[in-house]
Amino acid sequence: MLEIKNVTKIFNAATINEKVALNGVSLTLQDGDFVTVIGGNGAGKSTLLNAVAGTYPVDGGNIVIDGVDVTKMPEHKRAKYVGRVFQDPMTGTAADMWIEENLSLAKYRGKRRGLGWSIKASDRAEFKELLKTLDLGLENRLSTKMGLLSGGQRQTVTLLMATMQKPQLLLLDEHTAALDPKTADKVLTLTKDIVEKNKLTTLMITHNMKDALRLGNRIIMMHEGRIIFEASGEEKQKLTVNDLLEKFSQVSKGTFANDRMLLS
Amino acid sequence: MLYLASLPPAIAQGIIWGIMAIGVYITYRILDVADLTVDGSICTGMAVCTVLIVKFDMPVWVGLAAAVVAGMLAGLVTGIFHTFFGIPAILSGILTQLILWSVNLKIMGGTSNVGYPFGVEYFISTESLSKTFLYFAIILALLIGLFYWFFGTTLGASVRATGCNINMSRAQGINTDFIKVLGLVISNSVVAFSGALLSLFLGFSDANAGKGAIVIGLAAVIIGEALFSRITRNNFALKLLSVVLGGVIYYMVYQTIIYLGLDTNYLKMLSALLVALFLAVPYWKKKYFKKAAKKEKEVAENA
Ligand SMILES: Nc1ncnc2c1ncn2[C@@H]1O[C@H](COP(=O)(O)OP(=O)(O)OP(=O)(O)O)[C@@H](O)[C@H]1O
Ligand SMILES: [Mg+2]
C-alpha cells in the first residue's frame, strides 16, 4: 500500500543550519497495516509523514502509494490518497466555515470541484448520520462555525473528515497531544474504531508509549532521521514500555531520561 | 438645498465604488489577500470601455464586457506573479499596478484623459438619475446573485477554504495556487467592471482616477461590516450588500466634507488614516483586551 524507499530530507542544505531530518528511511506498509511511530523530539517523525503527504519535496528516494509513484506529485494531488489529522486542532479544519461546509470540503477530497452546489439535501442527511456516530450532538449543529467547537470536538470532526471518504492512507501526527487526557482517550478510541472498521492503512505518531503499544499491529522507533527499531505482530504485542525505553537508551546514550516521551 | 441636490449623484457614484468594494471584499475578506492591483485595474476598466465606445464605435455592452475581460487579465498577471513567480501578494499587486499604468495610457492613446462625446447619454448618467438607479438595482441584484451562487458551489467553497486555512485546503486536495489566481481574476473583473460604469457615469476616463481605490474599497468593506454585521450575520448576499452600502456611505461622507469646504487635499490622507485605525481595532482587541484569546493564539503558535 505504501512504500517508502530510501527517502532523504535535508532542511537548509549547505547552510550552517543544515539538518538531515530523514536519513535514508525505508518502510513498507501492507494493506491494513496500522503502524505507530515513536521517537524523541526532532527524530524526524513529522518530517516522514509530511514527506509522504507531499507537504514538501524530498531530496532523495521514492514514495509509492498503492502502486503509484507520488514522489513528484504535488500535495493537493496526493490528497486523493491521503487523509490527515494534525497535532494542532486549529490546522485540520476551516474555522470560519460551518461544520457542514467543512465536511463537504472533505467529501470532495481528490475529486473535481465544479459549479454544483457544495451541499445538497442528501449530503446534509449523510453528514448528520456521520456526526451522530461521534455522539457529540454535532448532528444538530451543522451550521455552527467550526471555530466555535472545542479542541477535542474539532479533532474528532477532523478525524471524521480524513476518513469519511476511505483514504488509501491515514496519517495521524500526534493528533491527541493537544487534548486533555480524557478527551485524548476518547479520540484515540474513536481512531481505533474507525481504522478497524474501515481497515485503513495507518501511520500514527504518538509520544505516549502505552498508546503506541496498545494500538496498531506494528511499531517503529525513529532516531536522528532513521528507523532504529521496528516490531510487528506477536513480537510487538510482547513489548513493554520498558523494552522501548531500553531500546532507546541504547542508541541515545542516556539522553532519553530528559525526553518528554518518558512523561507520558 | 445645494447639498441635498448633490446627494443623489453622490449616492449613485457611491454605489459604483460599492461595486468595486465587492471585488475588494473577494480578495481581502474571502481569499485573505490584500490585492493592490485594484488601483490599476479600475482604470483599465474605464479606459477599455471608453476607448471601445468612443474610438471604435462599439455598443455599450461590448465596452462593459471588454472591461470585465481586461480586469480578468490584470488579476491573472498578479496571480501568476504571486503563485508562479513566488512574489508576495502585496508586491505582486504593486507590480501589476505599475504595468497597468503604462498599459492604461497606451489604451487611451497616450493621453491621461479621454471623454465620451458631449450630449450622448448612456444607460447610466448624472442626467437621468432615476433610470440610473434602476439599472444599478438590476446590476446589483445580478452581481450579488451571481456571487451568492458561486460561493455556494464546490469551487466557490474551495476559494473560501483557501482564504480560511490554506494548509487544510491543500490537505483536502485543493490546488490553492489555482484558487488564488482564480480569486484574483474574479475580483479584478468586478473592479474593472465598476471602472467601466464609473467612466460611463462621469462621462470620461482618467488614468489617475484609480489612485487610492484600494483604500476606498477597504473603507467600504470595513464600514459595511462595522455598521451592518448585526443584521447581515451569516447571510452572504446581505454581507455583499452591506459592502455596497459601505461604499455609498463612504462616498457621501466624502461629498459632505467637500461641501463643508474642507481642504480636499487631505481627503486621501484622512481615508487612509481611517482605514488604518479600523484595521487596528481587531488587532488591538486581541492584544490588549482578550487575554484568553492571546494565550490561545500563543499556544497554537508554539505547538
Ligand atoms: N520546515 C523545517 N525547516 C527546517 N528544519 C526543520 C523543518 N521541519 C523540521 N525541521 C527539523 O528537522 C528535524 C526533524 O523534525 P521533525 O518535526 O520531523 O521531528 P519530530 O520527530 O516530529 O519531533 P517532535 O516529536 O518534536 O514533533 C528537527 O531537527 C527539526 O528542527
Ligand atoms: Mg512532530
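**Close-up views of chain B**

**View 1. Helices H6(B) and H8(B) are roughly perpendicular to each other.** The angle between them is about 100°, and angles of 65 to 115 degrees count as roughly perpendicular. This is a predicted model. Helix H6 of chain B covers residues 154-164, and helix H8 of chain B covers residues 176-202. Their axes are 10 Å apart.

**View 2. Residues of H6(B) meet residues of H8(B).** From H6(B) come B:Leu155, B:Ser158, B:Val159 and B:Thr162. From H8(B) come B:Thr176, B:Phe178, B:Ile179, B:Lys180 and B:Leu182. Five residues of this contact are nonpolar, three are polar and one is charged.

**View 3. B:Val69 sits in helix H3 of chain B.** This helix spans residues 60-83. The relative accessibility of B:Val69 is 44%, so the residue counts as partly exposed. B:Trp284 is 215 residues away from B:Val69 in sequence. In space, 40 Å separate B:Val69 and B:Trp284, C-alpha to C-alpha.

**View 4. Chain B is divided into domain 1 and domain 2.** Domain 1 runs over 6-262, and domain 2 over 267-303. The centres of the two domains of chain B, taken over C-alpha atoms, are 26 Å apart.

**View 5. Domain 1 of chain B is in contact with domain 2 of chain B.** Domain 1 brings 12 residues to the contact, and domain 2 brings seven. About 820 Å² is buried between these domains of chain B. Carbon and sulfur atoms give 86% of that area.

Notes:
Residues are numbered from 1 along each chain as its sequence is written. Chains are lettered from A and ligands numbered from 1 in the order in which they are written. This is a predicted model: local features need pLDDT of at least 70, side-chain atom pairs count only at pLDDT 80 or more; totals for chains, interfaces and linings use all residues. Side-chain values use heavy atoms; hydrogens and water are left out. Axes are lines fitted to C-alpha atoms, for helices over the stretch in contact, and angles run from 0 to 180 degrees between N-to-C directions. Helices (H or I, at least four residues) and strands (E, at least two) are DSSP runs, numbered from the N terminus. Angles under 35 degrees count as roughly parallel, over 145 as roughly antiparallel, 65 to 115 as roughly perpendicular and the rest as oblique. Contact means heavy atoms within 4.5 Å. Ala, Val, Leu, Ile, Met, Phe, Trp, Tyr, Cys and Pro count as nonpolar, Asp, Glu, Lys and Arg as charged, and the others, Gly among them, as polar. Buried means under 20% relative accessible area, exposed over 50%, partly exposed in between (1.4 Å probe, protein chains only). Domain bounds come from an automatic or database domain assignment. Buried area is the accessible area (1.4 Å probe) that two parts lose on being put together, summed over both.
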